Structure formats: structure tokens, C-alpha cells
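Here is a brief report on how the parts of this chain meet. Have the sequence and the model open as you read.

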Amino acid sequence: MSGSRGSDTRAKAYDVIFFDLDGTLHLSGEPFPGLVDFINETAGVHGTTFVAVTNNTSMPPAQYQKKLIKMGLLPDAFQLCSPLSVLAAASVEDISRNIFALATQDVTAFLTEHGYETSNKRPNAVLATFDVEVDYTKLTAACNHLTAGAKLYSTHVDIRCPTASGFIPDCGALTHLLESVTSTKMDKDFGKPSDQMATYLRQKYLGADKRAVIVGDRLYTDIALGHAMGIDSVLVLSGEARSDDPGLEAGRRPTFVHESFLTFLKAAYAPNESAPSVRSYAAV
Ligand SMILES: [Mg+2]
């Protein structure tokens, strides 16, 4: 329990709170009790900027934003960023805009709207996404383009996506399939915890004097992104990671560990009713 007082004091100073969705805000689409209301109030009263950062590229960011609003988040209380936001930014460099998109129809339309040529004719790159409409025709076309010399981009490297009925193949699995069939290596990705995502978030949300934290349930995406950005991180135990996770003792540690996103927020904004942090690495 050591360090909980220190975490309270530090947490109050954050101007921007980046947060993960599945396992952090909600579990299989069901928000954790009390959390949505607390975020709405905190954003309104304290002026904190909340930014949902998801690797989900099965739909355009605006569509995903609507899902969160349906869960009860107020439209003004948060912003949303996915690897597609990074790809849509004018600042993204060193990538070809002539691509074959292994993507849903909506995501392909989003990319076209943001300056990508997505025809199937001699693309310079194949972009793998979380294409939940994938079929053999598209996979064959992607392989043919890669064999002809196109680069391989991937929105993110997550192998599997958790659902209520178990894991399903995510973008990383599709990427591995394309790599193994065509002996191609992925050139770059744009999701958590890539440098591309870290740079985008820093440029968009962090001025020189802004203090930020990232909250999430995965060490190798959420906490790793915190390290890539050079900001504090909070590992929550409401999703994938456990308090005895070997990753906590080896490699890159989070700044704090909390039972949930809500216990972290209460420690920061309502310390009288908060539970102490499970562990704090602030003094380490
Ligand atoms: Mg998660």
C-alpha cells in the first residue's frame, strides 16, 4: 500500500488522461459501474482532457466514438484516437498514400476521404487492419501485391481480440498470415505502442507544460505506450493484467497499479472516498 498518498498528489496535476477501452473503460461493451459518470463529471468540473486510445480499426474513429456515447459518455467529455487517426493526420510521414486496404468498406471509405488512393491497381503498399469483412479474394489480392513488391503496413500488431465468446483474429494475425505467405516483413504499424502513435499523441495533445498519464490493462500496449511517450502510466487490474503479472517485475513498469480506472480517478479527484493504489512505483 506504500505510495498511495504520493499517487493521489501526483494524479491531481494531470492535464490529459489517455485511456484504453476494453478491460479499462468496459468489458465486452459493458462499462464498469460508476466510471462513465465519474469521467463526465471530471471532464466538466476539472477541465481534464480525456482521450480514448484504441487499437480497434474495424470501424472509423467517429463510428467508434458513437459507441462510447451510447455507453453514456458525453460527447464533450472525451476524444477518441485510433491508428486510423494517425494515418489520417497530415503530419504522418514516410508512408505511401497509394495503398491496397485490407479493411472494411467503412474504413476503406475513411482512408479515401483522408487522401489515400485505395484502388486495387499497382499499390505501393498493403495496409492490414482489423478487417472483420475479410475474405479469400481480398487476401489473395493482398498477397499478390506484396509478392509484386508492395510494402506491408499494419494498423496495429495485436494478434487477438477478446470477445464475450472468446478470442478472435485481430490485425496482427492477418499481418502474420501475409508475412508468412509472401516472406514479407511488416514495414511499420500505427497503433499502441508504436512510435508513430506516440508522436501523434504528443503533437496533438501535449504542450510543453502539460502533464499526462495513460491508463490501461495491458503492459505491452498501454504501459509500453506510456514509456514511448515519456509520461506516467497506470496499470489497472480490471482486464488482462494481474497483480502478480511477471511483467510488473521485469521490463518496463507502470508508474502506478490500481484495481480499476475508477479507483485511480477517485484517488485523483475524490481522495476521501478512494481506495488506495494497489502499488506505486513512483518512488522506485
Ligand atoms: Mg485493454
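## A salt bridge

Arginine 218 and aspartate 158 join their side chains in a salt bridge, with 2.7 Å from N to O. This is a predicted model, and the distance is computed from it. The rule finds 1 salt bridge across the interface of domain 1 and domain 2.

## The domain 1 side

Which elements give two or more residues to the side of domain 1 that touches domain 2? They are helix 3 (61-70) and helix 4 (83-88). By class, this side of domain 1 has 9 polar, 5 nonpolar and 2 charged residues.

## Domains and buried area

Domain 1 gives 16 residues to the contact and domain 2 gives 17.

Together the two domains bury about 1300 Å² between them. Carbon and sulfur atoms carry 56% of that area. In domain 1, the residues that lose the most area to domain 2 are Thr57, Ser58 and Leu84. Together they make up 33% of what that side buries.

## A hairpin

Strand 9 (residues 160-163) pairs with strand 10 (residues 166-169). The sense is antiparallel, over 4 bridges. The two strands form a hairpin, with 2 residues between them. Arginine 160 stands opposite proline 169 of strand 10.

Definitions and conventions:
Residues numbered from 1 in each chain as written. Predicted model: local features only at pLDDT ≥ 70, side-chain atom pairs only at ≥ 80, totals over all residues. Heavy atoms only, no water. Pairing = 2+ DSSP bridges. Contact = heavy atoms within 4.5 Å. Buried area = accessible area lost by both parts, 1.4 Å probe. Salt bridge = Lys/Arg side-chain N within 4 Å of Asp/Glu carboxyl O. Nonpolar A, V, L, I, M, F, W, Y, C, P; charged D, E, K, R; others polar.
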